[in-house]
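Please look over the structure shown below before reading on.

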Amino acid sequence: MRRMMPHTLQAKFLAGQALLMALMVGFFALALNMHLERLMEGEAREKAALILSQVEAVQAYVRATLRPAMYRLLPGDQFVLEAMSTSYITRAVMSDQTLTREAFTYRRVGIGARNPDYEADERERAFIARFQAEPKLVRVEQFDKIDGEQQFITARPQRFEEACLRCHGDPAEAPRELIARYGDTRGFGRSVGDLAGIDLVRLKVQRDVGGIREATFSFAALFAVGILVLFLVIQGFFHRLVVQSLRRVTGVMRRLFPEEAKEAQTLPAADDEIEDILHGFEAFAQHLRQARQDLSDYAATLEDTVAARTSAITRLAEDRRADVALFVALLNSLNESQNKQQMLAAALALTARRFGASRAGYVCVLGASDYASWPEPGAAPDLPDDWHDLVAAGEPRLTPRAWYIPVQTSGTSRGLLCLHWDTRQEKSARLADLARAIGQQLGIAMENLDALDGLLRQNDLLSSIFEGIDDPLLLLDTGGAVLLANSRARELAAQLGAEGAVPGGHGFDGLRERLELATRGTGQGEFELPLPGGPRIFEASLYPIPQAGGGLRHVASLREVTAERRMEGQMRRNERIVAVGQLAAGLAHEINNPLGVIRCYAELLQASQQEPQAQADIEVIMRHTDQARRVVRDLLDFARPRPAKPGPSDLAAVAASTLEVLRPRGKNAAAALSLEAAPDLPLVAAGSEALEHILTNLAMNALDAVAAKAGEGAAVAVSLRASPSQPDMVELTVADNGPGIAPEHLDRVFDPFFTTKDVGKGTGLGLAVVYGIVRDLGGSIEVENKPGGGALFRVLLPAQEPSPAPRNA
């Protein structure tokens, strides 16, 4: 008998457990120590911040309250250091014994301090150097050992302000009391923003550090005692649950397999109970291997029988796989075929190869002339005389050299599938079922192909109608994404900045978002698109399409109404201008005569009065009378505008001369005036006087708009070119980079008497007169806000038609 070692496994387990628990004690003690240190550091930071806040409160009180009160009470420029110096008072308050009992030290020091007692030491100079190197640094906090004791140090910079320069600026302007006490050499010549020194607070934390260590050691001791108790409990459970169970397993193996137990005793001694059990199983496995060999010899006689049966099952399985492959191939041919003839040709070839037939054919039940053959496509199939009755019966006929399989679907007969062999074939019930399944599968494929062909024709018709509609159309899914769009909608999406936009992509996002906003709630609405050729207005309508699985798709129809809306706006504007013009003409006549009388009597009074005050008062009356008469004259010009001369005129030359006249006004407004004229610009059918009036009004308004940006890149740009959308028109644009025009004012800028300028700086008639001149010339004027900011006025003027060439006599 080999000697057993029942306690080896238990000893290994307990040693590992002891090591793990020791590591746990160390880890939790270290974690507690780190946590307490963070708490101490946080408490020190808060206490230092509170002290600095108290310092700031004292300094603020001296600056805001005490010092101004002393200045009011003291005669002349007398200065009391003990009541007016923030540094002196702060040091006095923070050095009070009542506060210093809180175990902190406060120092306000600097380099070259006026009082040598507050000159910075080496450590404090390091703080000052750091604040000088990093001007944006507002506080430094750190732990340090001073005289062998752990302390928390926090420091913040103090910089000179305007109020500090009386005592730290020019010595000649400093208080006499300050010069008498400290002299005129130290602490002077400073400037606003210079570093005056630092406020430094030192907190003694040595006692807290000792407390942390004591708490850590106490926790480690208590935790170790608890771990020891847990260690002893686990040892007892392990001995009872594991070691004793392993001994019982070993005893069972020896009792049930005594022979194997004897062999196991001859093996080397095991290190523990587990290896002892493994030795027993090793002997048991050897006996099992021998038993397996005996069974193998016994089963050898069964191999021939099993091999024959397996061969038969393999052949059957191969036939089944071939049948499945045939049906899969028939489905693939349906997916790949474009018409019924292609599908029949592929199906005949696949079926004939599967069964080894030499010929295959199909004939339609509606006419024997509608057939298909393999391998010779033009050869007519060999049919029995009663093939119509065979198709109507629906049952396949299998002969040794030919199979005739009716092709049916849903009770409808479609035709007859024929397979022919050059040699005799065996017949079985399984082959009959297979032939019937082939006929049904071929019928289903033909039915699906007919349905698909009908759907494709219907889809082609709908696509043609969809693409042929001149308005943009979109099909939206339940989430609002674009599924389909006609050519007009794709062009519109591309103009929004999404070249090559396709349904389902990101190109339609801008169009879809505007569509949702316009039709929300009612399903109809209007929206405006910022396109390269100018903004365009569309009228949108949504038509719901219920889905079988729930939810709604929508067809979105867009109709452009830009021209209609512009015409309506122009008609409304013209009606307002006509009405206001008639009113202005009547008012001008009624006001002009009284103004003339006032002017006449004012001149008489001026000639008769000699007093300067009376003369000045009369001058005010005459000046305001002249101003009122100018307004009346503008009203008359607006009500009865002088007919514009037809031209022709060189618009580029007129624009250059007009901007040259306005350039001094641009310099006064600190705004850059620029002119960009396209080469070979055609002449316009307008007089130079009308063009100057248009340009002057638009440029002056632009200069007024950019006045607030004087010196900050204010600019007014005038550009001239042939209109890209109307070849017979010339385009004049005046753009500025000012604040732009409020959206609610865009439709009113050409209305008479409408102005956003301050009272007395505009009559509101300038743009109304410009609108009338452009209209009389046969042109148009529009206004819009630029995307980057500012307003843009676009004027279209008719180009001068070339004179006909003279005919030769």
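**A serine in a loop**

Ser649 has a relative accessibility of 9%, and it therefore counts as buried, since the cut-off for that word is under 20%. The model in which this value was computed is a predicted one, and the protein in it has 21 helices and 19 strands. Buried residues make up 34% of its 809 residues.

**Around Ser649**

- Ser649 sits in the loop that runs between helix H18 (612–639) and helix H19 (651–668).
- A polar atom of the Ser649 side chain lies 2.5 Å from the backbone oxygen of Ala686.
- When neighbours within four places in sequence are left aside, the residues in contact with Ser649 are Leu683, Val684, Ala686, Gly687, Ser688 and Leu691.

**The nonpolar cores**

- In soluble globular proteins, nonpolar side chains tend to be buried together.
- The largest nonpolar core here has 43 residues, and the members that touch the most others are Leu651, Ile694, Leu698, Leu732, Phe750, Ile781 and Phe793.
- Two or more residues of this core come from each of H19, helix H20 (688–705), strand S16 (715–722), strand S17 (729–736), helix H21 (766–776), S18 and strand S19 (791–798), and H20 gives the largest share, with eight residues.
- Ile694 is in contact with Leu732, Val770, Ile773, Val774 and Leu777, leaving aside its neighbours within four places in sequence.

- Helix H5 (residues 122–133) has twelve residues and reaches 17 Å from its first C-alpha to its last, which is close to the 16 Å expected at 1.5 Å a residue.
- Which residues of H5 are buried? They are Glu124, Phe127, Ile128 and Phe131, and because they fall within an arc of 95° when seen down the axis of H5, they line one face of the helix.
- An α-helix has 3.6 residues a turn, so residues three or four places apart point the same way.
- At the start of H5, a side-chain oxygen of Asp121 comes to within 3.3 Å of the backbone nitrogen of Arg123.

**A residue in strand S18**

- Glu782 belongs to strand S18 (residues 780–785), and its relative accessibility of 32% is why it counts as partly exposed.
- Although Glu782 and Arg794 are twelve residues apart in sequence, their C-alpha atoms are 5.2 Å apart in space.

**Backbone details**

- Most residues other than glycine have a negative phi, and most peptide bonds are trans.
- Asp680, which is not a glycine, has a positive phi, near 55°; this residue lies in the loop between strand S15 (672–677) and H20, and it is exposed, with a relative accessible area of 79%.
- The peptide bond that joins Trp374 and Pro375 is cis, with omega about 10°, and Pro375 is found in the loop between strand S6 (367–374) and helix H13 (387–393).

**The protein as a whole**

- Among contacts between residues at least 6 apart in sequence, 60% join residues that are at least 24 apart.
- The accessible surface comes to about 47700 Å², and 56% of this surface belongs to carbon and sulfur atoms.

How values were computed. Residues numbered from 1 in each chain as written. Predicted model: local features only at pLDDT ≥ 70, side-chain atom pairs only at ≥ 80, totals over all residues. Heavy atoms only, no water. Helix = DSSP H or I, 4+ residues; strand = E, 2+ residues; numbered from the N terminus. Buried < 20%, exposed > 50% of the residue type's maximum accessible area, 1.4 Å probe, protein only. Polar contact = N/O pair within 3.5 Å; in protein donor to acceptor, adjacent residues only side chain to side chain. Contact = heavy atoms within 4.5 Å. Core = buried A, V, L, I, M, F, W, Y, C linked by side-chain atoms within 4.5 Å. Expected span 1.5 Å × (residues − 1). Arc of directions from axis to C-beta. Areas by Shrake-Rupley, 256 points an atom, 1.4 Å probe, with all protein chains shown as cover.
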